[in-house]
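Subject: Handing over a structure, with notes

Dear colleague,

I am passing a structure on to you, and it is placed just below.

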Amino acid sequence: MKKNKTVIVAVLIAFVAIVLVVKNLDRLVDWYQWRKADIGAQTKHGETLQKFMTGNKLSSTEISQLVAYYYLTSKEDEGIELFQEIRQKQDSYMAYFGLSELYVVKANIEKSVELHREFILKAYNYLSEGFNKVPDKTLAYFMRAKGYAILGCSEPYKDDIKKSLEESKKVKTVMLADGFYVDQTRFAEAVENETKQHKDWQGTCLLDEIRRK
């Protein structure tokens, strides 16, 4: 009798476990995919960092991946230090945009009003410098638009998106990364995908905070 009760309890526990797994299957799949991507990002980060440390130049795509890594791992200070070094050694426009993005992150978590404003100003200055470093006008406006989006500034974002489309119509191909070009149609699709992410715009422009000072 005691053995039968033990079996019944074991079956019930197994049943509950199965129900919980099925009920949270989507969450488990998301966790697995996130963990897989996280491990991949760390591996890629190590390889890219090693490449730079051995004296090799990084492509804008590789620097962009580093930006994503430091953003997702909340290692803003470490990322800022690296991008400053990249900026000095190869003066890549992507390093400026990376610095801008990470300073926005620091501004958003900073409790000191003075430092909060200081980080916003740094983010804006690096965004402006990065814009001037991009060798292609269409890409420059597109990249700055995304920077304004990170700052929460809808009007300048829309203005730069519009300017990027106008500039794209003046050329046959548009630069999207180092050595990577697309035609006008593909660029328009990239812009459309970008703007879809901000169709329900919320929040305030961080630049307004330093303008009010």
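Helices (H or I, at least four residues) and strands (E, at least two) are taken from DSSP runs and numbered from the N terminus. Please keep in mind that this is a predicted model, in which local features need pLDDT of at least 70 and side-chain atom pairs count only at pLDDT 80 or more, whereas totals for chains, interfaces and linings use all residues. Residues are numbered from 1 along each chain as its sequence is written, and side-chain values use heavy atoms, with hydrogens and water left out.

The protein chain has ten helices and two strands, and along the sequence these follow the pattern α-α-α-α-α-α-α-α-β-β-α-α. Of its 213 residues, 36% count as buried, where buried means under 20% relative accessible area, exposed over 50% and partly exposed in between, with a 1.4 Å probe and protein chains only. Taking a contact as heavy atoms within 4.5 Å, residues 24 or more positions apart account for 57% of the contacts in the protein chain that have a separation of 6 or more.

Two pockets come next. On a 1 Å grid over the protein atoms alone, a pocket is an open set of points where a 1.4 Å probe fits, with protein on both sides within 12 Å along at least five of seven lines, and lining residues have an atom within 4 Å of a point; grid points are joined across faces, edges and corners, and a volume is the space filled by probe spheres set on the points. The largest pocket holds about 650 Å³ of space and is lined by 27 residues, of which S64, M94, E101, M143 and K146 lie nearest its centre. At least two lining residues come from each of α3 (60-72), α5 (93-109), α7 (137-151), β1 (173-177) and α9 (184-196). By class, this lining has 16 nonpolar, eight polar and three charged residues, with Ala, Val, Leu, Ile, Met, Phe, Trp, Tyr, Cys and Pro counted as nonpolar, Asp, Glu, Lys and Arg as charged, and the others, Gly among them, as polar.

The second largest pocket holds about 160 Å³, and its lining residues are Y71, E101, V104, V105, N108, A149, I150, L151 and L206. Two or more of these come from each of α5 and α7, and α5 gives the largest share, four residues.

The structure also holds eight aromatic pairs, in which rings of Phe, Tyr and Trp (its six-membered ring) have centres within 6.5 Å, and planes under 30 degrees apart count as stacked, over 60 as edge-to-face and the rest as tilted. The rings of Y70 and F83 have their centres 6.0 Å apart and their planes at 90°, so this pair is edge-to-face; Y70 lies in helix α3 and F83 in helix α4 (residues 76-90), 13 residues apart, and both are buried. The ring centres of Y103 and Y126 are likewise 6.0 Å apart, but their planes are at 10°, so this pair is stacked. Because Y103 lies in helix α5 and Y126 in helix α6 (residues 113-133), the pair ties together parts that are 23 residues apart in sequence. Y103 is buried, with a relative accessible area of 8%, and Y126 is buried at 12%. Ring pairs also link Y96, Y103, F119 and Y126 into a cluster.

Lastly, E167 is placed in helix α8 (residues 154-168) and counts as buried at 14% relative accessibility. Leaving out residues up to four places away in sequence, E167 touches K137, T138 and Y141.

With best wishes
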